[in-house]
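The sequence and the model are shown first.

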Amino acid sequence: MTEREVIIRLRGIRNQFGSQVVHEDLDLDVYRGEILGVVGGSGTGKSVLLRTIAGLQKPAAGSVDVLGTDVLTADEDTRQALENRWGVMFQDGALFSSLTVRENVEVPMRAIEGLDPEIRSELADLKISMVGLQYLAGDKYPSELSGGMRKRAGLARALALDPDIVFLDEPTAGLDPIGASAFDQLIRGLSHSLGLTVFLVTHDLDTLHATCDRIAVLAERKVLVTGSMKDMLKVEHPWVHEYFHGPRARAAASEGSAEPGEKGN
Ligand SMILES: Nc1ncnc2c1ncn2[C@@H]1O[C@H](COP(=O)(O)OP(=O)(O)OP(=O)(O)O)[C@@H](O)[C@H]1O
């Protein structure tokens, strides 16, 4: 079997706010093309971990390697080039309220020198249709959209520069079950068709079942365990056991297909 490419490699990460140590000696590998779901109790540092990889939070110790570049020691130009190879979607889509959806999606594209504004606008419309929004949605302002549509618009913006990696923070939070399920399918479809690597922070067990190839559990300040859904069911740690064997887990397991989670290791 061919060796899988590690696209994100974290070693010895320590994140600390004052005397509060959030991560200590944290290691994680993310493979190219996979959808990794990151779970953990509230306050275990899932969002801080996402921010650390995306260069928005400087760890007190450790190394962050993304696409073969050391994020923490890279010079400004290298970092900028690297940042163009990933997209981030925050919980509420984090759109600029004074810009239309199309203009929001165009924001990252403005970094491309010499790109004709008309082509930029057409490219934005392409991204908007890729995330399942109607063509006319491009003319709307974020306040005119539903929560689910705002998330899709945020995803379109994250995809603006054809990234290798997308970071999604709680993509289904606040969506009704049908909207959440549609969003799960969208993420899985895009990952497959574009070969995207997806780093996804979630509390949503349905998303883990329907979307993720592999799961990483944050507990005790580090990545306690990684593996498939099947692997998670065997973990004895109290939080992991409660999370994956609780009533909500049982409901999600019977609703969702076990297939995606079984592919991890
Ligand atoms: N900028 C900051 N300054 C101080 N403390 C912070 C900062 N960012 C995060 N923290 C703290 O770090 C801890 C981890 O936060 P984080 O938001 O990553 O948790 P989480 O696992 O994503 O939680 P949740 O599931 O509730 O969203 C929390 O205790 C939080 O208060």
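In this predicted model, helix α9, which spans residues 238–245, has Val-240, Tyr-243 and Phe-244 as buried residues. These residues lie on the same side of α9, because the arc they cover around the axis is only 85°. Pro-238 and Glu-242 are exposed, and they sit on the face of α9 turned away from its buried side.

The open sheet is made of six strands with mixed pairing, in the order β6-β7-β8-β3-β9-β10. β6 and β10 stand at the edges and have a single partner strand each, so each is left with one side that has no neighbour in the sheet. From one strand to the next, the twist averages 20°.

Strands β9 and β10 run antiparallel and are joined by five bridges. Within this pair, Leu-218 stands opposite Val-223 in β10. Helix α9 packs on the sheet, where it touches β3, β9 and β10. The direction of α9 makes about 135° with that of β9.

The strands named above have these residue ranges:

| Strand | Residues |
|---|---|
| β3 | 35–40 |
| β6 | 86–89 |
| β9 | 214–219 |
| β10 | 222–227 |

Which residues surround the ligand? They are Phe-17, Val-22, Gly-40, Ser-42, Gly-43, Thr-44, Gly-45, Lys-46, Ser-47 and Val-48. By class, the shell holds six polar residues, three nonpolar and one charged. Helix α1, residues 46–53, gives the most to this shell, with three residues.

Technical notes: Residues numbered from 1 in each chain as written. Predicted model: local features only at pLDDT ≥ 70, side-chain atom pairs only at ≥ 80, totals over all residues. Near = placed C-beta within 6 Å. Helix = DSSP H or I, 4+ residues; strand = E, 2+ residues; numbered from the N terminus. Nonpolar A, V, L, I, M, F, W, Y, C, P; charged D, E, K, R; others polar. Buried ≥ 20, exposed ≤ 12 C-beta atoms within 10 Å, placed from the backbone. Arc of directions from axis to C-beta. Pairing = 2+ DSSP bridges. Axes fitted to C-alpha atoms, helices over the stretch in contact; angles between N-to-C directions. Contact = placed C-beta atoms within 7 Å.
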